[in-house]
Amino acid sequence: MIKQIKKLYQWTFHNILILSWIASILMLGGAYGFEYIGGLFPCDLCWPQRYAHMAVIVFAAIALYFKKNNTVKWLRFKLMTTFAWLVSVGYSGYHAGVEQKWWEGPDSCTLQTSNDNMSVDDFIKSLEDVAFIRCDEIPWELYGISMAGYNFLISLFMLIMLILSARKDMEK
């Protein structure tokens with residue numbers, strides 16, 4: 001059993017760039033599927049997470065292209081892929097924390113109340129034709145973990161594996 005786990009770890013370690021590329025494609029595809037098929041529209045904190053996955057897809061594809069031909073460019077794009085995963089970890093962790101109410105989110109995605117004495121009619125008028133998706137509410141979860149939470153966990157795993165892999169590559 002331990003030999004199989006070591007073998008799986010080595011295989012994952014050796015193929016981390018392609019796994020990284022596939023993971024981002026699947027995660028981004030899932031996000032768009034939830035939006036266009038499931039009707040769960042992204043909030044302001046969801047967009048930077050998507051951009052990070054778009055960057056992973058581009059950087060990992062370029063790194064895979066240079067893998068056999070140019071090791072310097074391959075390592076550079078591998079490091080850029082790693083940085084894109086770091087951005088994904090940061091944004092998804094922050095977003096998951098906002099959803100769990102561990103800290104406040106940005107004003108652009110939490111409902112703010114005003115100290116001014118606004119009438120009900122003025123308040124309703126201010127909300128007309130405004131599509132407001134809150135970042136501090138969990139629209140979907142599985143086993144108590146939101147999409148941002150799963151994004152954080154997967155991104156953190158990929159980041160750790162890429163850091164270990166890049167460290168090994170730089171030692172050569």
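Residues 24 or more positions apart make up 75% of the contacts in the protein with a separation of 6 or more, a contact being heavy atoms within 4.5 Å. The model is predicted: local features need pLDDT of at least 70, side-chain atom pairs count only at pLDDT 80 or more, and totals for chains, interfaces and linings use all residues. Residues are numbered from 1 along each chain as its sequence is written, and side-chain values use heavy atoms, with hydrogens and water left out.

The protein holds six helices and two strands. These are DSSP runs numbered from the N terminus (helices: H or I, at least four residues; strands: E, at least two). Their order from the N terminus is α-α-α-α-α-β-β-α. Of the 172 residues, 34% are buried. Buried means under 20% relative accessible area, with a 1.4 Å probe and protein chains only.

Helix H3 has 21 residues, which should span 30 Å at 1.5 Å a residue; its end C-alpha atoms are 31 Å apart, which agrees. The expected span is 1.5 Å times one less than the number of residues. Buried residues of H3 include Arg-50, His-53 and Phe-66. The buried residues of H3 pack against H2, H4 and H6.

The side chains of Glu-35 and Arg-50 are joined by a polar contact of 2.7 Å. A polar contact is a pair of N or O atoms within 3.5 Å; within protein, one must be able to donate a hydrogen and the other to accept it, and residues adjacent in sequence count only if both atoms are side-chain atoms. Glu-35 is buried, with a relative accessible area of 9%. Beyond its neighbours within four places in sequence, Glu-35 is in contact with Leu-40, Phe-41, Pro-42 and Arg-50.

At the start of H4, a side-chain oxygen of Asn-70 comes to within 3.2 Å of the backbone nitrogen of Val-72. Just after H4, Lys-101 has a positive phi of about 65 degrees.

The largest pocket is lined by 28 residues. On a 1 Å grid over the protein atoms alone, a pocket is an open set of points where a 1.4 Å probe fits, with protein on both sides within 12 Å along at least five of seven lines; lining residues have an atom within 4 Å of a point. Ala-31, Phe-34, Met-147, Ala-148 and Asn-151 lie nearest the pocket centre. H2 supplies the largest share of the lining, six residues.

Definitions and conventions
Buried < 20%, exposed > 50% of the residue type's maximum accessible area, 1.4 Å probe, protein only.
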